[in-house]
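I opened this entry to note what I looked up in one structure. I kept to a few points and took them one at a time.

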Amino acid sequence: MTRELFYQAILKFVLGVVIIGILIFLPAGTFNYWSAWLFMGILFIPMFFVGIVMMIKNPELLKKRLNAKEEQAEQSLVIKLSGLMFLLGFVIAGLNLRFKWILLSKWVLWVGAAVFLFLYLLYAEVLRENTYLSRTIEVQNGQKVIDTWFHYLFCYFSYLSCHYCKEN
């Protein structure tokens with residue numbers, strides 16, 4: 001682990017918390033938005049601990065995960081468009097609170113939070129199992145294909161969670 005990697009990880013984490021907070025709470029017009037606080041907690045608290053574990057156990061994987069630059073033009077466009085959709089989801093959630101477009105029961109939000117946390121833990125397990133899981137598409141020296149049942153199961157649930165979390 002290097003200091004530079006440590007500072008880069010902490011900076012990106014803090015910026016992520018601040019930016020997501022702004023994207024949710026500014027459109028909502030209030031900090032009194034308990035489900036947003038719940039979401040930020042179940043997103044950033046596990047992220048912090050997963051980052052610490054990666055920094056200690058596999059700093060090379062952390063370095064790859066922090067690198068978000070895609071060199072292929074087509075993939076770069078996909079990443080930019082999905083990032084825009086991701087960010088708009090937070091803005092729309094804040095606007096939803098302000099204008100009361102869709103009101104969900106608290107139990108639905110708690111179930112959604114539990115599902116989100118469970119899928120996040122599955123993601124952490126895949127990071128542990130697949131040390132080649134960078135954020136961009138790349139072929140790496142010595143890379144092996146991960147073909148365990150858990151990896152296939154996670155791929156299915158990760159796609160499902162992306163769609164589910166956008167709806168909540």
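I began with Lys100, which sits in the loop between helix 4 (73-99) and helix 5 (106-129). I looked up its backbone and found a positive phi of about 55°, although Lys100 is not a glycine. I note here that the model is predicted.

Next I went through the overall make-up. I found six helices and zero strands in the secondary structure. Following the sequence, I wrote the pattern down as α-α-α-α-α-α. I also looked up burial: 32% of the 168 residues of the protein count as buried.

How do the axes of helix 1 and helix 4 lie to each other? I found that they come within 6 Å and cross at roughly 30°. Angles under 35 degrees count as roughly parallel, so helix 1 is roughly parallel to helix 4.

I found a nonpolar patch of about 1100 Å², and its residues include Phe6, Tyr7, Ile10, Val14, Phe48, Phe49 and Ile52. I listed the others as Val18, Ile22, Leu26, Ile45 and Ile56. Which helices supply at least two residues of the patch each? I noted helix 1 (3-28) and helix 2 (34-57). Helix 1 gives the largest share of the patch, with seven residues.

Phe6 has its place in helix 1, while Phe48 lies in helix 2. Is Phe6 buried, exposed or partly exposed? Buried means under 20% relative accessible area and exposed means over 50%. Phe6 has 35% relative accessibility, so I put it down as partly exposed.

How far apart are the C-alpha atoms of Phe6 and Ile52? I found 9.2 Å between them, with the two residues 46 apart along the chain.

Key: Residues numbered from 1 in each chain as written. Predicted model: local features only at pLDDT ≥ 70, side-chain atom pairs only at ≥ 80, totals over all residues. Heavy atoms only, no water. Patch = residues over 30% accessible without salt bridge, like charges linked within 9 Å, V, L, I, M, F, W, Y side chains within 5 Å. Areas by Shrake-Rupley, 256 points an atom, 1.4 Å probe, with all protein chains shown as cover. Salt bridge = Lys/Arg side-chain N within 4 Å of Asp/Glu carboxyl O. Helix = DSSP H or I, 4+ residues; strand = E, 2+ residues; numbered from the N terminus. Axes fitted to C-alpha atoms, helices over the stretch in contact; angles between N-to-C directions. Parallel < 35°, antiparallel > 145°, perpendicular 65-115°, else oblique. Buried < 20%, exposed > 50% of the residue type's maximum accessible area, 1.4 Å probe, protein only.
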